Amino acid sequence: MWWGYSPALDIQFEINKYEVNSSDESLDVLLVGAGDARHVLKTIASSYLHRDRIILYNIIEPTLEQVARSIVLLNICLEPDLGLQEATRYYLEIFGNTLVRPATGKYLIRCINQLVDIPTNTIDCPWLNLEHLKRRDKDRLEAIFKFWERATRENIPIVDYWDKRIRRSLKTRYDYREGVFDWDYHMILKSRNVSNLTLQEYRFWRNSGIAFTWLEGEPIRSNPTLLNNIIQYGPGFLHYAYLGDITNGPFFSWTLGDTKDNKWRATDVAEREIMRSIHEIRTREPICEDLIASHRDSSLLNGTLVIESPGTEMEQESWKTKGNRHRKHKASWTDIENHKIIFHPVAFLEVFKRKSEYDSKFEFIWVAYNMTEQIPNFVSSLKKGGIMLVELPKNLIELRDESLQNFVKELESMVRQYGLRKIHDINAKEHCVARFFK
């Protein structure tokens with residue numbers, strides 16, 4: 001639930017590629033259940049390649065924790081004062097690691113102290129619109145930010161949460177988990193053409209929840225943005241520990257589709273893609289590949305960095321709240337005036353089919369694999385000639401080949417009922433996304 005299982009897409013490229021009849025001045029898109037802000041980030045970064053126009057990203061996520069994470073991740077990429085490598089690694093650690101470096105933990109606290117006032121409109125964020133959220137949703141969003149700040153300081157035992165999930169999942173196979181992880185990697189992921197992800201990276205993530213590692217710094221602070229169902233309870237908070245993905249990993253959003261650098265780890269490819277996106281947002285020009293290389297340790301080109309798995313004896317120091325905690329840093333962001341990110345509550349899915357103002361509103365709709373049952377609710381919102389992209393569960397280890405084929409058959413049958421036609425034949429074992437037009 002915390003990340004997607006298909007590559008980040010440049011929405012304008014998709015629209016131009018399939019010659020969607022869209023306005024020169026503005027573009028309305030709908031993203032349902034993407035799990036992260038990867039499509040928004042990729043589209044903003046690539047906007048200099050296309051004609052100028054206003055893009056409104058209407059986003060629906062199943063949980064408010066996903067909304068809050070998307071805001072934090074976008075904020076990292078839009079902060080102009082962060083170094084390029086600094087911002088890139090903050091992004092990847094918060095995005096996909098149960099444990100982060102102390103520097104990243106301190107940044108997360110500072111970032112949250114800036115963002116916590118946005119839901120209550122105390123400060124204005126020019127690229128973000130939360131007006132469609134109800135008051136209680138905004139209050140919960142504020143509570144989530146406050147919990148993250150407190151949990152980062154107290155260093156919650158997320159390693160224990162992760163291990164308990166693994167034990168419950170594997171049961172009697174827990175003592176032989178390395179063999180289970182190896183089987184899933186070689187027999188499933190490799191057969192589905194997952195490039196760059198190494199066995200060492202995948203196995204390490206399955207054991208610890210740490211996906212992205214570097215030589216510099218040791219991940220010892222908990223990442224509370226991966227906790228579920230955060231509720232304020234009196235002066236404190238309740239949460240349901242870690243309920244997210246423990247079998248597939250956060251590798252697919254930024255590492256798929258790269259084959260020319262097959263000696264690079266998934267971490268290296270993801271670092272390159274995030275670094276490129278942040279650079280393009282700031283400069284509106286392509287990044288020099290030498291600049292990317294200058295941030296990497298050349299000794300890793302032919303090897304895989306593996307660090308020792310963290311244990312319960314890792315640093316448990318609680319960072320004290322300082323007296324100047326409430327002194328806010330003035331928030332500033334890179335100018336992206338043509339882009340507006342609009343979050344809607346998940347209940348909004350029922351609104352689309354009832355309100356005529358949403359009929360034929362969107363030129364582009366993207367749907368996560370686990371939200372396809374909602375397609376009847378918003379298919380009428382797709383313009384004539386518009387395209388709908390549906391994520392396929394190709395990279396999900398728990399689904400065998402027969403299940404992938406059945407998913408595609410049921411999807412094709414559903415969309416056909418609503419007047420959608422597929423743009424190309426769908427290969428369940430090769431394609432990450434199915435494309436349809438109206």
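Of the 438 residues of the protein, 58% count as buried (under 20% relative accessible area with a 1.4 Å probe, protein chains only). The structure is a predicted model, in which local features require pLDDT of at least 70 and side-chain atom pairs pLDDT 80 or more, while totals for chains, interfaces and linings use all residues. Residues are numbered from 1 along each chain as its sequence is written, and side-chain values use heavy atoms, with hydrogens and water left out.

Among contacts (heavy atoms within 4.5 Å) with a separation of 6 or more, 77% join residues 24 or more positions apart.

The protein has 14 helices and 12 strands, assigned as DSSP runs (H or I, at least four residues; E, at least two) and numbered from the N terminus. In strand β12 (residues 433-437), 4 of the 5 residues are buried. Strand β12 pairs (at least two DSSP bridges) in the antiparallel sense with β10 (residues 382-391) over 5 bridges, and Leu389 stands opposite Arg435 in β12. Antiparallel pairing of β12 with β11 (residues 421-422) extends over 2 bridges, with Phe437 as the bridge partner of Arg421.

Cavities were defined on a 1 Å grid over the protein atoms alone, as sets of points where a 1.4 Å probe fits but cannot get out; points are joined across faces, edges and corners, and volume is the space filled by probe spheres set on them. Residues lining the second largest cavity (an atom within 4 Å of a point) include Glu93, Arg101 and Trp214.

Technical notes:
1 Å grid on protein atoms, 1.4 Å probe; cavity = no way out; pocket = protein on both sides within 12 Å on 5 of 7 lines; lining within 4 Å. Buried < 20%, exposed > 50% of the residue type's maximum accessible area, 1.4 Å probe, protein only.
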